[in-house]
Amino acid sequence: MMGGVGPNVAVGPALVQAATKIAGPEQILRVIADAPGLGRICRAYKIVKNHIRCWRGLMPQVRIIDISVPVETGMFRFPRPDHVTVSITEEGTYEKVKCRTSRILMGSHSGTHVDAPMHVVRNGQPVDQIALDALVGRARMLRIRATPRQSIGREAVEARLIDEPRIILNTGWDRKWATDAYYVDSPKVTEEFAKLLVEKGVRCLVTDVPLSLEVHNIVLGSGCCQVENVVGLDQVKSDKVYLVALPLKIKGVDGAPARVIVVEGM
Ligand SMILES: [Zn+2]
């Protein structure tokens with residue numbers, strides 16, 4: 001097809017024209033490989049490419065999954081007056097001060113948040129003093145499908161591997177977030193379940209189901225922290241993940257809203 005000898009000649013207009021008429025890169029490679037002088041280069045290229053493909057196949061796919069609810073005006077909250085209604089309003093405007101700023105009113109337990117021991121323990125640790133290694137690190141997900149009001153007992157822990165100090169409880173109840181049923185009909189994590197977790201050295205319990213005051217007392221009373229109101233746990237395919245739950249660093253407070261993510265494949 002080509003009369004030339006150097007690579008510049010070999011990939012000349014006729015070859016380019018031929019390449020545009022064919023479908024994929026594999027065929028383009030085959031056409032180039034037929035060109036005099038380029039066969040050896042192409043074979044080497046193919047070998048390197050196959051190695052890269054193979055290496056990619058061996059590498060686990062890293063996925064970052066956000067399991068926090070968005071914070072917005074009037075968002076769903078625990079139905080008691082001490083849990084404030086979130087409101088976000090504009091303060092500075094482009095017209096007045098040439099930039100925009102906002103006032104954000106929220107509770108320490110609004111949306112996805114971290115409960116510090118101080119939430120139920122007098123003189124307990126506040127949220128800004130929770131050790132970061134309780135909130136960040138490898139976590140085990142417990143998938144325990146529960147029906148409305150069903151008790152989640154000790155046996156649910158006994159039947160599962162608790163091999164990380166951070167536990168994510170996935171009951172599937174997050175589908176009821178922002179509905180009346182969320183607090184009223186939720187599956188019940190029992191005190192026995194909570195006791196066994198803390199006995200096993202769990203330092204952070206992440207849940208998609210609201211916890212009773214009694215369970216708060218056991219978990220937070222042991223110095224373990226809680227992350228409540230997480231959603232979307234079914235997007236997470238692996239049961240062993242990397243957790244990042246970082247509450248706002250608000251000094252001396254009982255809890256704080258948090259952006260919570262899990263990373264798979266790390
Ligand atoms: Zn809370």
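Mentor: Start with contacts: two residues are in contact if their C-beta atoms, placed from the backbone, lie within 7 Å. Leaving aside neighbours within four places in sequence, Glu90 is in contact with Arg100 and Ser102. This is a predicted model, in which local features need pLDDT of at least 70, side-chain atom pairs count only at pLDDT 80 or more, and totals for chains, interfaces and linings use all residues. Residues are numbered from 1 along each chain as its sequence is written.

Trainee: Is Glu90 buried or exposed, and why?

Mentor: Count C-beta atoms, placed from the backbone: a residue is buried with 20 or more others within 10 Å of its own, exposed with 12 or fewer, and partly exposed in between. Glu90 is exposed because it has 9 other C-beta atoms within 10 Å.

Trainee: Which strand holds Glu90?

Mentor: Strands (E, at least two residues) and helices (H or I, at least four) are DSSP runs, numbered from the N terminus. Glu90 lies in strand E2, residues 87-90.

Trainee: What covers the faces of strand E10?

Mentor: In a regular strand, side chains alternate between the two faces of the sheet. In E10 (residues 225-228), Cys225 and Val227 are buried on one side, and Gln226 and Glu228 are buried on the other.

Trainee: How many bridges join E9 to E10?

Mentor: Strands pair if DSSP finds at least two bridges between them. E9 (residues 204-207) and E10 run parallel, joined by three bridges. Val206 stands opposite Val227. E4 (residues 113-115) pairs with E10 in the antiparallel sense, also over three bridges. There, His113 has Glu228 as its bridge partner.
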